Structures are given as structure tokens and as C-alpha cells.
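Welcome! Here are a few exercises to work through with the model open beside you. Try each task before reading its solution.

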Amino acid sequence: MALDYRKCAEEIYSHLGGKDNIASAAHCATRLRLAIVDIDKVDTKALENVEGVQGVFSSNGQLQCIIGTGTVNHVYDEFLAVTGLTAATKDDVKAAAAANQPLPQRMVKTLGDVFVPILPAIVASGLMMGLVEALAKALPGFGATDWFAFLDMVSNTAFAYLPVIVAVSAARVFGGNIFLGAVVGLLMIHSNLTNGWNAANGYKVWYLFGHARIGDYVLGQINQLGYQGHVIPVIIAVWFMSKLEKKLHDVVPAVVDLFVTPLTTVLVTAFLTFIVIGPIFSTLETYVLQAAQILITIGAGIGSAVMGAVYPITVVAGLHHMYNVIEAGLLASKDFGNLNIWMPIASAANFAQFGACLAVAVKTKNPKMRTIAIPSALSASLGITEPAIFGVNLRLMKPFIAGMIGGAVGAWFGAISKLGASAYGVTGIPGYLTITNPAVYTIELAIAGGIAFALTMVIWHEDPDDIPAAEPEGLEAPKEVAFTTDKGEVLVPVNGKVVPASEIPDPMFSAETMGPSIGVEPVEGKVYAPFNGTVSMIFPTKHAIGIQSDDGVELLIHVGVDTVNMEGKGFGANVEQGDKISTGDLLLTFDRAEIKQAGYSDTVVVVITNKDALTDIKKAA
């Protein structure tokens, strides 16, 4: 008898502890995936007895109900209708489940999720900016040419409009509308605002709610000050925007949702950004700058060492551009001999991040990580550290800490050696153009970068799962038999080591809930047809395929564990639903390195899904 999808969905919902206990819902090729607020409210035993549910388990904060290929999508549609929830992506469910992680871990992960996609933009701009600035310092006449003006514009575009790029990426991470996120980012650097890098020259204010004054504070005053170069206030603003937008979609009637929700979201976010988020962050920024000025005057180089360690943290917060205020003040002060003693501190901190990032590039066995780390390290050596910090060091954490230590020691050496610069705006290798003692400066950079490099090589160890195995060449479709049944043989569909179901790193597949199963630890990223038959189903993300032999064997081939979360990245299909296939035909392709990089197992799961229609099934493992 056919499964009653509506009844199945209703019974599942009745055992989940109510709608408020369901953060989000999605599905993959075989399972209904639910992010649950309080797992203790879920009646797991009752769920296991629901007709149509073949098994239940919890993994990484997700409650997963295995229902089966060709069925789960129908149950999911009915589940949305029953609960009133909106369709969510696997990323939505994953993010909701990750909300139970410790706060520091969530914050670091969020920064990584925001910055990794925009790395190409900031790496390219960082490298070009360092080269153009160095060339202008070496050839003063070049700085007055149209060529310099053009290259300078091209090189600094990503940084001049960094809040927009960050806002779009943050909106994607937080599940908001990326175009509304872009509007918020543009709003924070609007041309009507005073450029944030020119804040020291003064700025205007708006008096939106009158002129009532309490002490020195004017109520209703909004500073007309942009947020060029800032990161944290942009991310906070877009996080709020995304939360508000989702809430409004839930409560605003559908007939007016199209214009009411975007209008309200942008307007409320704008007020909050300029009245609360911006001013608070500016105040914290002022405190940081004042503390920095005090610290660098502490004797014996102690203050400089502290700032050498803290400097990369201020880069993460987007505060480092404001250090130009300190540098300009130092150059104008006779107390410091009209020298910029801040520049050696910044150079040590930046070059230490270069050393740590370079160590990752040298030590990693992951080609994708190396392709990110090498240009990021080069950019950091030229004084632009965002690619190295956000793309490599902060994501891996230990290299970031090693860089902080190297920066502290290098800055301390620069302070006791009384290093200074005759200008500001350049660090790292371009700093040679302004430094007072190039020989001592070389030693400082060697100390900072060398310590960070050595520490990273010692304390950072790459996760073995992140190291892709070499792809063999010239392999043919496997001839090994995976299953023998009364309706014919099923060949192994992937070249690799066949393992028993118990070794599949997934409790549902290892328990063979859906049917007799084996796993294959692949040595290449190709799935071949194990018999003559027809393609009955291809999941949209192309990580799973259902096929049926001409003799009546139904098979599910699932590439990797939890790879549905990759949303199709790294997967390809050479066939379509309904196609006739012959033994040895190439069905799917997958990037094993991409799967490892995403943090998932690439074990290929092979399941006979119609065991009741077969007899005498024998498995290879």
C-alpha cells in the first residue's frame, strides 16, 4: 500500500514538541533534516514507529528522519504544509543546528564564512595596492601620473567599498536578502557621509529628533560619518537586518509583503546602524586608539610588544585604518623626534602574519589551501594582511596566534632599537622606503616573520581529513561484484576499497536502515553504472542517484556523508533522470578534495532499496 505522505508528516510533527521547537527543516536524497531547539522535547521512540520513517538519529545538532529516495520530498512538502514552516536549505538547517556551539567558536566560524568567499577580491586588491604604493614611493614622479591614478583606483576598489562586499557575503551567511545586504553596505559608505578615513578632519551631524541636550550629548544626533574599512559594524548591521527581514516575512501578510518587508527592513536597519551600532563601535574605536597611544610610550618596549600582539585583532575589527591618526600625530610631535614609531610595530605584526601564512603554504598538503595561502602571504609581506588573516590564519587559529607572538617579539625589538619612519601608510617590504635604519628593520622583520613561521610549523597540524589523496589516472570502470541477487549481479560503482556497512561513518547507512548496504572508500571521483538499466532519480545537488536494473534491482548510490550540505559544489552528473544506462557508463563525478575541504567523508554508500522484492542477497563486504 502506498504511503500516506500527509499522515506521515502529521505524525512526525506531533512528536517534535511543537512548532516553536523546530528551528528549520530541509531534506536531502533520503532524509528529513530538522534543526531542533530542545532535543529533550522530541519523542524519538514514537518517531521511530511512524509509518514511513525507517530510522531516526541526531547528528551535529540535527534530527534526521530517514524516509527514503523518491518519498522524502513528498513527505517534506506535506511537512511544510502541516507545520506552516517555509522551505529551508540544508545550509539553513546546518546553521540553526550550529547555534548550539560555544559562542567563540560560532563567532570565528561566522567570520570565516563571511570572508572566505570574498578572498579573491581582497587578495587581488591587496597585492596590487602593495605594489602600486611601493612603486610610488620608489619613483616619486610616478605618483603624479595618470597611470598611478588609474592603478591606484583599481587596486583600492575592494577596500574602498569593503563594507558592501562584506555586507553581501554576511547577508548570504545570515540568510538575508543579499541585495538588501548590499543596500545596507552602500548606506554605510554613502557619498553624502564624511569618509570614515577622514574622520579626524571633522564631520557633520543630523538632528532628526530635536536638539535636547543632556550634558555634552545631543539627543537625536546622528553622525554623518561613513564606515570605510570597517568590518564588525557592517556584519552586526546585516545580522540584524537578516533577522528582521525573516521576522517580517513571517508576520506581514503576503499581499503586501513584497514592498512592506524590504522598506521596513532597510529603514529600521538604517536607524539602528547610525544611532546604535555605529556610535557604540566608534566609541570603542576611540578607546582602542587612546589605549594604543598610551601603550607605545611604556618603556622597555613592553607597550610596543603588547600592540604588536594586539594589532591583528584590530585588523579583524576593522580599526587598523584609524591608526593613521596616531602616526600623523607622532610625525608632528617633537617629543618623538618627528618620527613615526608606530610603523615598526605595524610592520612587525603584519610580517608575522606573513610568516604564519607562509608556513601554512609550506606545510599544507592540500592544494586548495596552498593556492589561497601563497598569494595571501605575499600580500601580507607587502603590508595588506586581510587575505592572510581572514583566509588562512584566523580560520586555522593556531597560525593566527603564532603570528601574534611573532608580532609581539618583533615590535619589542623595534622599540628597543628605536626604529622609526619618516612617513606613514606603508608597512612590510614597502616600509624600506620610509624606515630610518634599513639594516635594523630587516632584523625586525626577520624576527617577527621567523618566529611566526617556526611556531606555526611546530604547533599547527593539518587535519588528515583535509588532505586529499592523489587521483590515480587511467582507471577503468570496476569489475568487482558488490551484490549478488536472484535478479542479477550489481558491480561496485566506484573504484576504491569496499568496506562493510558497519564502517560507513553515518549511523543510518551503517545500520542498513534503507536496505543491504556497502561502502566504498574511493580512489577517484567517478561513479559508474553497475548494471544495465535506467536512471530513476538524480538529486538536484548531484550527490546521489537512484537507478534500476533491467532485471528489477533498485539501487541508491550516495556520494559522501552529509554532502547534501555542499549544495552541489564539486559534483556533476553525466546522465539525466529517465536515461538508459549500460554497465560501465559514467554516471556522476565528484571532487574528493572539495568534499574533504568542506569537512565531510567521501565514502560512497551503495544501497539496495527494494530488498523485499529480492531473495538471496549476498554482499561483497
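Predicted model: local features only at pLDDT ≥ 70, side-chain atom pairs only at ≥ 80, totals over all residues.

## Exercise 1: An annotated cysteine

Task: Locate cysteine 28 between its strands, and list its contacts beyond the neighbours within four places in sequence.

Solution. Begin with the record: an unreviewed UniProt entry places the annotation "active site" on Cys28. Then look at the chain: cysteine 28 is in the loop that runs between strand E1 (22–27) and strand E2 (31–36). With a relative accessible area of 0%, cysteine 28 is buried. Leaving aside neighbours within four places in sequence, its contacts are Arg33, Val72, Phe539 and Val564.

## Exercise 2: Aromatic pairs

Task: Work out whether the pair of tyrosine 311 and tryptophan 342 is stacked, tilted or edge-to-face.

Solution. The structure has five aromatic pairs. In this one, the ring centres are 6.3 Å apart and the planes meet at 50°, so the pair is tilted. Tyrosine 311 belongs to helix H12 (residues 302–317), while tryptophan 342 is in the loop between helix H13 (323–332) and helix H14 (343–363), so the pair ties together parts 31 residues apart in sequence. Both residues are buried.

Now try tyrosine 432 and tyrosine 441: with 5.0 Å between centres and 85° between planes, their pair is edge-to-face. Tyrosine 432 is partly exposed at 33% relative accessibility, whereas tyrosine 441 is buried at 0%.

## Exercise 3: The largest nonpolar core

Task: Which residues touch the most other members of the largest nonpolar core?

Solution. The core has 32 residues, and the ones to pick out are Ile545, Ile547, Leu555 and Leu587. Several strands give two or more residues to this core, among them strand E15 (544–549), strand E16 (554–559) and strand E19 (586–590). To finish, select isoleucine 547: beyond neighbours within four places in sequence, its contacts include Phe531, Val535, Leu555, Ile557 and Leu587.

Definitions and conventions: Residues numbered from 1 in each chain as written. Heavy atoms only, no water. UniProt positions renumbered as here; feature names shortened; annotations may be inferred. Helix = DSSP H or I, 4+ residues; strand = E, 2+ residues; numbered from the N terminus. Buried < 20%, exposed > 50% of the residue type's maximum accessible area, 1.4 Å probe, protein only. Contact = heavy atoms within 4.5 Å. Phe/Tyr/Trp six-rings, centres within 6.5 Å; stacked < 30°, edge-to-face > 60°. Core = buried A, V, L, I, M, F, W, Y, C linked by side-chain atoms within 4.5 Å.
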